Number of protein chains: 2
Amino acid sequence: MKYKSYKSMNCSMAQALDAIGERWSLLILREAFYGKTRFNQFLDELGIARNILSARLNHLVEEGILEKRPAAETSHTEYVLTDAGRALRTVIMSLIHWGDEYRPHPDGERFSFVDSQSGEPIRKMGIHTVSGKEVGPGKIKVVPGPGVRKN
Amino acid sequence: MKYKSYKSMNCSMAQALDAIGERWSLLILREAFYGKTRFNQFLDELGIARNILSARLNHLVEEGILEKRPAAETSHTEYVLTDAGRALRTVIMSLIHWGDEYRPHPDGERFSFVDSQSGEPIRKMGIHTVSGKEVGPGKIKVVPGPGVRKN
DNA sequence: CTAATAGGTTGCAATATGAAACTAAATAGT
DNA sequence: ACTATTTAGTTTCATATTGCAACCTATTAG
């Protein structure tokens, strides 16, 4: 991480990207969502180089997004999502929905998602007001809060 | 984009990341959402190098996310979001919300967002079923669709 | 006890990024 | 009309990151 870091920017998104914006990080996290936990599982699934995978996993652990620990009953290592990691599911789901719509697979949807409790399908990600009304593109107004600083 | 492309992966998210996953791309798009349209506006706001900004803008145009055109009344260039570009607002909003929560600014929220029609605040991004019920972390089940191919 | 698997590290070539200098065209000021 | 400034880039070069392959060590399986 010696390319210019986004950390100095006063922007939540820049902070997020500093944690997960490196090449491969989100794909690793997607696999973690799909239940993968081990070094070689990520390796096989993604076709990423070993040294890069190692660097990314370490970074995600440092950032508090994954936890590294010995797997129960064995001395294998496993990487599991923390709360902060699981909270990235909205980012991942948004990217998947965008890809489904604008970069579709010719044969149809690759995966769909359902609520594991009710079995009900998951709805396309959208932006809503607190009262639940959908907010269309271009209808979002930005309001500066107390944490804005002008350089 | 001559690093190994994610295009060959059969995953919607990989396709999305191929379009917007390069360094700086999402920050440029955030500025576009905030209403910036011109080369020097992006430059001043982000502190990105000129050559990189140029490369990213061209790539986003190729990917159909921005449109490059002469601004009305002048011969200046402007870059504006296409529909596909505007559809990325869920990704951006998800990242901002994650950053607000897990990488907060000590003085408080940097920006908040409201529906420009009603003025009502925008709700934290979440995952919902089609009937509107919130789906918690770990409650999402993945269902393979017709577009899955096993390498 | 031996081979295979898991989880790495190291070295090197190929690529990407960042900073600064340089262009060229359009606009603004006098 | 002429000059200075702004806009939107391109080029060059040093530095940083990525990708690939080989190597390594500790566990587990047979």
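This is a predicted model: local features need pLDDT of at least 70, side-chain atom pairs count only at pLDDT 80 or more; totals for chains, interfaces and linings use all residues.
How many residue pairs are in polar contact across the interface of domain 1 of chain A and domain 2 of chain A?

Residues are numbered from 1 along each chain as its sequence is written, chains are lettered from A and ligands numbered from 1 in the order in which they are written, and side-chain values use heavy atoms, with hydrogens and water left out.

Let's begin with chain A. Six helices and four strands make up its elements, where helices (H or I, at least four residues) and strands (E, at least two) are DSSP runs numbered from the N terminus. Read from the N terminus on, the order is α-α-α-α-β-β-α-α-β-β. Along its principal axes, the C-alpha trace of chain A spans about 50 × 45 × 30 Å.

Now the domains. Chain A splits into domain 1 (23-86) and domain 2 (88-136), with bounds from an automatic or database domain assignment. Nine residues from domain 1 of chain A and eight residues from domain 2 of chain A take part in the contact, contact meaning heavy atoms within 4.5 Å. Taken over C-alpha atoms, the centres of these two domains are 24 Å apart.

Back to my opening question: the rule finds three residue pairs in polar contact across that interface, both residues at pLDDT 80 or more. A polar contact is a pair of N or O atoms within 3.5 Å; within protein, one must be able to donate a hydrogen and the other to accept it, and residues adjacent in sequence count only if both atoms are side-chain atoms. On the domain 1 side, helix H2 (25-33) and helix H5 (83-86) of chain A are the elements that give two or more residues. H2(A) gives the most, with four residues. By type, the residues on that side are six nonpolar, one polar and two charged; here Ala, Val, Leu, Ile, Met, Phe, Trp, Tyr, Cys and Pro count as nonpolar, Asp, Glu, Lys and Arg as charged, and the others, Gly among them, as polar.

And salt bridges between the two domains of chain A? The rule finds zero, a salt bridge being a side-chain nitrogen of Lys or Arg within 4 Å of a carboxyl oxygen of Asp or Glu. Elsewhere in chain A, A:Arg86 does form one with A:Asp83, the closest N and O atoms being 2.6 Å apart. Because A:Arg86 and A:Asp83 are three residues apart in helix H5 of chain A, about one helical turn separates them.

Next, the pair of chains.

How much area do chain B and chain A bury between them? About 8,000 Å², with 63% of it on carbon and sulfur atoms; buried area is the accessible area (1.4 Å probe) that two parts lose on being put together, summed over both. The contact brings together 86 residues of chain B and 86 residues of chain A.

Four salt bridges are counted between chain B and chain A. One of the salt bridges joins A:Lys133 and B:Glu120, whose closest N and O atoms are 3.7 Å apart. Happy to take questions!
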